[in-house]
2 protein chains.
Amino acid sequence: MAESPITARTQDFASWYQDVVLQGDMAEPAEIVKGCMVIKANGYAVWELLQRELDDRFKATGHQNMYFPLLIPQSFMHKEAEHVEGFSPELAVVTMAGGKQLEEPYVIRPTSETIIGHFFAKWIKSWRDLPMLVNQWANIIRWELRTRMFLRTTEFLWQEGHTAHSTHEEAAQEVFRMLDVYAEVAEDVMAMPVIKGLKTQSEKFAGALQTYSIEAMMQNGFALQSGTSHDLGQNFGKAFNVQFQSKEGQLDYVWQTSWGVSTRLVGGLIMSHSDDKGLVLPPKVAPIKAVLVPIYKKKTKVSMKVDPNPSTVGQPVTISGTVMVLPDEEQDEKARVLEVAHRIAKEVDAKVDDREDITPGAKFFHWERRGVPVVLELGPRDLASGSIVLKRRDTGVKEVIPQSEVAAKLPAVLAAMQQSMYDVGKQRLKANTVLANSIEEVESLLKDVTAEKGGGKFVMAHLKDDPRCDARIKEFKATIRCIPLVDEYDGPGKCLVTGEPVDRRVVIAKAY
Amino acid sequence: MAESPITARTQDFASWYQDVVLQGDMAEPAEIVKGCMVIKANGYAVWELLQRELDDRFKATGHQNMYFPLLIPQSFMHKEAEHVEGFSPELAVVTMAGGKQLEEPYVIRPTSETIIGHFFAKWIKSWRDLPMLVNQWANIIRWELRTRMFLRTTEFLWQEGHTAHSTHEEAAQEVFRMLDVYAEVAEDVMAMPVIKGLKTQSEKFAGALQTYSIEAMMQNGFALQSGTSHDLGQNFGKAFNVQFQSKEGQLDYVWQTSWGVSTRLVGGLIMSHSDDKGLVLPPKVAPIKAVLVPIYKKKTKVSMKVDPNPSTVGQPVTISGTVMVLPDEEQDEKARVLEVAHRIAKEVDAKVDDREDITPGAKFFHWERRGVPVVLELGPRDLASGSIVLKRRDTGVKEVIPQSEVAAKLPAVLAAMQQSMYDVGKQRLKANTVLANSIEEVESLLKDVTAEKGGGKFVMAHLKDDPRCDARIKEFKATIRCIPLVDEYDGPGKCLVTGEPVDRRVVIAKAY
């Protein structure tokens, strides 16, 4: 694909994001399938790394992967009243198959609580079958009106954990355990600080008792809900008749949880770290950690001009033009640079970009846009001095170091970059979080904020978990993002809408 | 799930297979979604190992993973004439979405040549963009009439490679390269011998010039097409207008390939190796390589009988019953066994089955059905003698070895088992391959063969790649599986149907 300029963040954040995604080989819109995208090579490789980090943690906490059908009998959606109400508007429906009209249509899974509930009812008979800890990696379809690559697409990839327990207490522990796993991956792996909190009743998952989420702040100050963990209570247990015999011999409905993160995380990653030069990836999720660009003279084009004066026939001719580099010497330089380049690259597990017919400048540009954390440069002068140039993608700082030190230095630079990217994000979150003590203040803080212009804030205010409060905030095209689990502010106060006492401030923001 | 008996292979091979799949925690039918299954924990873990083996090889051969939409505009299917004819009867169609009737329906991908062709046309402009080497891991729907878990299901998981090249020669090399990758994974990883060959024109992929496959023999002598690699020629290039400018400046259509393996491989694995006791997994695809079952005395139930004669009140009573083991002593034995068990398990990366309330016998049974390659037993007598019992799942042979040697011995046993399972399969293939020199002989060799009763053969006969030959063989409910790439038999001969000369024998078999 031809490379085009990237819009500056300050000019139009939304266009900047689209440019970074396209130029970073992350994704492109699949305009022929409504609201869908193609996840391209770099984007998919990042997703694979995230999957590995998540999956290792799911397995370490005792979960097993399974796979359930894509298609769900339409009637299943109706078994849990809130669930069908929440998801009905977004369903894609298969009405024909094998050349025939189906007697009962299938919906493409918008989430799998219903079909998994059906199987839990078959599998769970006794307390000995509990807890049941299942995870699924799958694609999902929700017919969304407004879409944006990675952040909200009609089809997306995700994982959905589904667990069943014998007590509400144990289920609640699971809800928090997985919320913690998500927060850890966001912060330690993606270098993306998050706030853990409870969603309001208006914003919870359709069918849950409670939904908890991690909320991150993008560079335009918008919030991104990056993962959710639901306490489903006995709602689906009752809807699908998932009953077990307790140790005491009594029949009871199981207590369930579900939790998920999706390719949306990749969008969060991009919006958290990238800059006006393109994608910036934290080392832990960078498919290529370091690229080495060797620099050597291009094949010299020798232009020769022979005096065409016919009177010189038989006489010595004058040849003028550029100095001709001997092919041998030229090959020598290239060979020497490449030899050292490959040796160093092998030592430090870097990729050598030895493509022909592409200038070093174009190569730097190429890897910069793809977010490679470190680019190493090695030219003839470096050979002579025994040094190499190391450039960090996040700061753009170049450092000349001895070749003998690069193997020791590179892991330290990558670790420092990972930490520094987190710190920058944490600082941004802090700098753009403000307290508001009246509804007018909330409104004024969010008034001029748009996804394009940025300027978004996390506004901390005392509000009750009451639909009236959610509705009031929606008037400002914002939402209550969550009630933080940890109160970092001033404790109890009076709800700005209802006047009732509440125990802490909530997070209000415009959001994706 | 309650454990039930497994039908013997000789009694009914089809029921045996179903029992092994269910009892091995591999999958179960999802009866509420036509022809679908739930892939359960052990089955999905095997699939993950296969994915890793395949994906590493795809990446090593220069392919990049991407992800394309699940839904394909129906009109795309019609752009390649043979393709639409082949796939139309199997399509699932989405006609409603977001609460509305769609103007143009979408089909759920039955394979992705069409939608990927669309994007290749956008991405490929010049010879510099070639080769384009893409792979996708995805779910697929084909509305099948007769389904069988793993082997043929309405929905299945697979990978589909899609590549574009500037010359037919290079595309053909790719077709064979990936066929070789499949054969290597089948033989070296799955211990499942295969025959590489060309499908007849009647049996090729809808839209390809040529299809190559790997064919394996199941224990009932049925063939299983286990992977395919297609030379698509310029068919999809022309249908989707994928043109590139050659080095010489001319416009030409790209030459494409596609290739895929699916969760069907898991079915092949089960049918190749398992026995009447349940699943048998080759070590390289066994999620758990070894389990250690510790053996110690159960908590002794002390029953006491007190003489109830009222005349004894105030007199010494007689207590009779089983000898009471002192709790301390009992705990000591258990503690000592578990201590050594955990130490050894850690050394050899085995799982300790220290579940309470389950007898060692039930544990052996449990892991046997799940195909764990090696089970180690450690009891009080082994503690005393410093030995441990090692049992191989494939042969059932038990060996008593010194505890000090288990760390060295286990990898050797696993390697030997992997090789031996391949050898057994190779021997079966050889023993059940027969030559036929007349159509009557072919018929008679296949006459009494059924999937249930077994007795299947690979019948090698001279036949032409001609629809008349395919049709003749279909009369025996068999098919020409392939024209082997390597002729291991007697070279040229006369086609048994057309009388025309052909250069080698083809493989004829009943197949899944």
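Two strands count as paired if DSSP finds at least two bridges between them. Helices (H or I, at least four residues) and strands (E, at least two) are themselves DSSP runs, numbered from the N terminus. With that in hand, take chain B: 11 of its strands form an open sheet in the order 3-7-8-14-11-10-9-24-27-23-22, with mixed pairing. Strand 3 and strand 22 (433–435) of chain B sit at the edges with a single partner strand each, so one side of each has no neighbour in the sheet.

Some housekeeping before going on. This is a predicted model, in which local features need pLDDT of at least 70 and side-chain atom pairs count only at pLDDT 80 or more, while totals for chains, interfaces and linings use all residues. Residues are numbered from 1 along each chain as its sequence is written, and chains are lettered from A and ligands numbered from 1 in the order in which they are written.

Back to the sheet of chain B. Strand 9 (residues 194–198) and strand 24 (residues 479–484) of chain B pair in the antiparallel sense over two bridges, and B:Leu198 stands opposite B:Ile483 in strand 24 of chain B. Helices lie across these strands too. Helix 6 (residues 168–189) of chain B lies across strand 8, strand 9, strand 10 (210–217), strand 11 (223–233) and strand 14 (255–262) of chain B, and runs at about 165 degrees to strand 11 of chain B. Helix 14 (residues 467–474) of chain B lies across strand 24 and strand 27 (505–509) of chain B, at about 130 degrees to strand 24 of chain B. For such angles, axes are lines fitted to C-alpha atoms (for helices, over the stretch in contact), and the values run from 0 to 180 degrees between N-to-C directions.

Now hop over to chain A and look at strand 8 (residues 155–165). In this strand of chain A, 10 of the 11 residues are buried. Buried here means 20 or more other C-beta atoms within 10 Å of a residue's own, exposed means 12 or fewer, and partly exposed is in between, with C-beta atoms placed from the backbone. Strand 8 of chain A runs antiparallel to strand 7 (residues 132–141) of chain A, and 10 bridges join the two; A:Gly161 is the bridge partner of A:Asn135. Eight bridges join strand 8 of chain A to strand 14 (residues 255–262) of chain A, again antiparallel, with A:Ala164 partnered by A:Gln256.

Next, a helix pair. Helix 2 (residues 41–60) and helix 6 (residues 168–189) of chain A pack at an angle of about 145 degrees, with their axes 11 Å apart. A:Glu53, A:Leu54 and A:Arg57 in helix 2 of chain A meet A:Val181, A:Val185 and A:Val189 in helix 6 of chain A; contact means C-beta atoms, placed from the backbone, within 7 Å. By class, this contact has four nonpolar, no polar and two charged residues. Ala, Val, Leu, Ile, Met, Phe, Trp, Tyr, Cys and Pro count as nonpolar, Asp, Glu, Lys and Arg as charged, and the others, Gly among them, as polar.

So how do the two chains sit together? Chain B can be laid on chain A with an RMSD of 0.0 Å by a turn of 180 degrees and a shift of 0.0 Å along the axis. The copies are therefore related as by a two-fold rotation axis. The superposition is by least squares on the C-alpha atoms of residues with pLDDT of at least 70 in both. In chain B, the C-alpha nearest the axis belongs to B:Val94, 2.1 Å from it.

At the interface, 39 residues of chain B are in contact with 39 residues of chain A. Strand 5 of chain B gives the largest share of the side of chain B that touches chain A, six residues. That side divides into 28 nonpolar, seven polar and four charged residues. Five bridges join strand 5 (residues 92–97) of chain A to strand 5 of chain B, which run antiparallel, and A:Ala92 has B:Ala97 as its bridge partner.

Most residues other than glycine have a negative phi, and most peptide bonds are trans. The bond between A:Leu130 and A:Pro131 is cis, with omega about -5 degrees, and A:Pro131 lies in the loop between helix 5 (113–123) and strand 7 of chain A. A:Lys477 is not a glycine, yet has a positive phi of about 55 degrees. A:Lys477 counts as exposed because it has 12 C-beta neighbours inside 10 Å.

Methods
Two residues are in contact if their C-beta atoms, placed from the backbone, lie within 7 Å.
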